[in-house]
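My notes are in the order I went through them.

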Amino acid sequence: MINQTFRRKLVSGLVVGLCGAAVLLALVPLFFVFFYVLKQGFSSLNWDFFTKMPKPVGEPGGGMANAIVGTLILIGLASLGAIPVGLVSGVYLSEYPKSRLATAVRFTADVLNGIPSIVIGIFAYALVVLPVKHFSALAGGVALGFMMIPIITRTTEELLNLVPPTLREGALALGATRSRAAFTVMLPAALPGIITGILLSLARIAGETAPLLFTSFSNRFWSTTLSQPIASLTVQVYTYAISPYEDWHRQAWAGALVLVSLIFLFSVLARVVTQRLERMHRT
Amino acid sequence: MSSAPSPRRASSDLGFRAGTGFFAALVVLLVAGIAFVLWQQSRLSIAKFGFNFWRTKTWDPVSGDFGALPFIWGTLYSSFLALLISTPIALGIAIFLSELSPRLLRTPLAFLTELLAAIPSIVYGLWGVFVLVPLVRKLEMLAPPWARRFPLFTGPPLGVGMLAAALVLAVMVIPFTSSVAREVLKAVPATQREAAYALGATRWEAIQVAMRYGRTGILGAIILGLGRAIGETMAVTMVIGNSPAITSSLFAPQYTMAAVIANEFTEAASDLYTSALIEIGLVLFAITLLINAASRFLIWSVSREVKVEAPQAVPLRASASEVS
């Protein structure tokens, strides 16, 4: 009897230990990835990287100025399309949560979130690139925008649901229409949280490569024209990483560092905004 | 709602509902649109090859002969291996964070493990090419000659290949599975564990009770990870070797569905070639759609509260609900 209890306790302790070990095991690759990105990235990063254009193939030096600007343009384009759609559909979900459409939207938004980004890329290619027969910044923005929509929709809904319903009821009691109550009372009350959601969706798409490969393609020259192919950090890092040139590998690491920093910046901003939201609710 | 709203207000409310509903319907339309466009663009290949597309293994763009079997194999095999590695680790993390961890460590550890999901695929790929692949090559060279006779370990130690791909995939899938499994365990009523403890259960036995209660949700979490693994593109493309081969060898370079699209789409010179690649995309879409739907239903059956999306380095729900 005592023996059996001891065995059960032993097994229990063992499993508890293994679970702790699993956490440590998962932190190993995290540490390794960050270590290399920081080490290789910082030793490769220089002022040229931000200000210079790519040099011709095989020539050392140069930078990714065009790709950095390109990534920002693509993110901007995506936001321009996705934020209004995501916000308004989020408002719908929280105002009419039980409707059949709401259930369908919730479900498809979640499913859309899990669809491989490369498939979204094909879709944007067929929609924007095929009709005009050439790659364009616009196509890349569309692809990224499609990926942002479900994230913004769901976070908007979720955060609107956190706003006390008494606010809406108060507005309606004062004679406001539903749309007035939703857009001038509910939405502002949830705004910090919604901005957090937008920032997180930006962090998510800033690192996307697959949907850009055959939409915005790449461009070794300076271009801000929306109807022309445009360079992006991610595609540039990819091209450089699989190239045979030592100096390009160096720049790929630098690009990865800039990319990770950008994503980190979005996440930290999101964190700051969330904390403000918490403080707002507390007082 | 006691007095009838004025007609003007009623029509304004109706307009509001229709207007916002229109945008919401766009989300549904988007998924339907993807399905339709992919099907429409792959008609050429579907008409030419029919079901043979998925049964044959010739991939010859020059002669216009396309069979996608090696890519299906590569995708399934790499995802299976990745899940084999990631599932125990992810469940371990979920159990530790939801049941065992000291309160002080919980938030930082959850933050760190979910940070794995914030690293972009391309950065994993870069790291894979320059750090993991050389490491895997060294590991492969250590394999003694007698082990090489097993089908799992045949072929030259190249570094790039199935093993490297499975390892990268496993790392990328862990945060998804663990964060959803953690939410599922959180949704299991505390009474389940309390009852187990009251009957004299040890910690592990109580955890087993909780896991059995949430088993459908945990299965959903694992399947969600599978969906991620199947659709993962860049990191796999960079380390798997991109060679269409059907072999069980972990050392051999292989190819996946997502990788072949990423690699060859811009080079596809003929309409048939593009169409064949889009057909692969269509199937990828269908598989991930089914998998995601299945995982969602499984998780929903445990709790509708469990969020199913990319784990977030900023825990929105937790922070907001703690406050209220």
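This is a predicted model: local features need pLDDT of at least 70, side-chain atom pairs count only at pLDDT 80 or more; totals for chains, interfaces and linings use all residues.

**Entry 1**

I looked up how chain A and chain B meet. The contact draws on 88 residues of chain A and 79 residues of chain B. On the chain B side, helix α1 (residues 7–41) of chain B gives the largest share, with 19 residues. I also sorted the residues of chain B that touch chain A by class, and got 52 nonpolar, 19 polar and eight charged.

**Entry 2: domains of chain B**

Next I checked how chain B is divided. Domain 1 covers 1–41 and domain 2 covers 52–323. Taken over C-alpha atoms, the centres of these two domains of chain B are 35 Å apart. How many residues of domain 1 of chain B are in contact with domain 2 of chain B? I found five, and they meet five residues of domain 2 of chain B. The domain 1 side of that contact has four nonpolar residues and one polar, with no charged ones.

**Entry 3: a helix pair in chain B**

I then turned to helix α6 (residues 162–187) and helix α9 (residues 215–231), both of chain B. Their axes come within 8 Å and cross at roughly 155°. Angles over 145 degrees count as roughly antiparallel, so α6(B) is roughly antiparallel to α9(B). Is the crossing of α6(B) and α9(B) left-handed or right-handed? I have it down as right-handed.

For the residues involved, α6(B) brings, among others, B:Leu169, B:Met172, B:Phe176 and B:Val180. From α9(B) the list includes B:Ile218, B:Ile222, B:Leu224 and B:Arg228. By class, the contact of α6(B) with α9(B) comes to twelve nonpolar, three polar and one charged.

**Entry 4: A:Glu157**

Last, I picked a glutamate in chain A. A:Glu157 sits in helix α6 (residues 137–162) of chain A. Is A:Glu157 buried or exposed? The count is 26 other C-beta atoms within 10 Å. The cut-off for buried is 20 or more, so A:Glu157 is buried.

I also looked up what A:Glu157 touches, leaving out residues up to four places away in sequence. The contacts are A:Gly90, A:Leu93 and A:Ser94. I noted A:Ser89 too: A:Ser89 and A:Glu157 are 68 residues apart along the chain, yet their C-alpha atoms are separated by 8.2 Å.

Technical notes: Residues are numbered from 1 along each chain as its sequence is written. Chains are lettered from A and ligands numbered from 1 in the order in which they are written. Two residues are in contact if their C-beta atoms, placed from the backbone, lie within 7 Å. Helices (H or I, at least four residues) and strands (E, at least two) are DSSP runs, numbered from the N terminus. Ala, Val, Leu, Ile, Met, Phe, Trp, Tyr, Cys and Pro count as nonpolar, Asp, Glu, Lys and Arg as charged, and the others, Gly among them, as polar. Domain bounds come from an automatic or database domain assignment. Axes are lines fitted to C-alpha atoms, for helices over the stretch in contact, and angles run from 0 to 180 degrees between N-to-C directions. Angles under 35 degrees count as roughly parallel, over 145 as roughly antiparallel, 65 to 115 as roughly perpendicular and the rest as oblique. A crossing is left-handed if the near helix is turned anticlockwise from the far one by less than a right angle, and right-handed if clockwise. A residue is buried if 20 or more other C-beta atoms lie within 10 Å of its own, exposed if 12 or fewer, and partly exposed in between; C-beta atoms are placed from the backbone.
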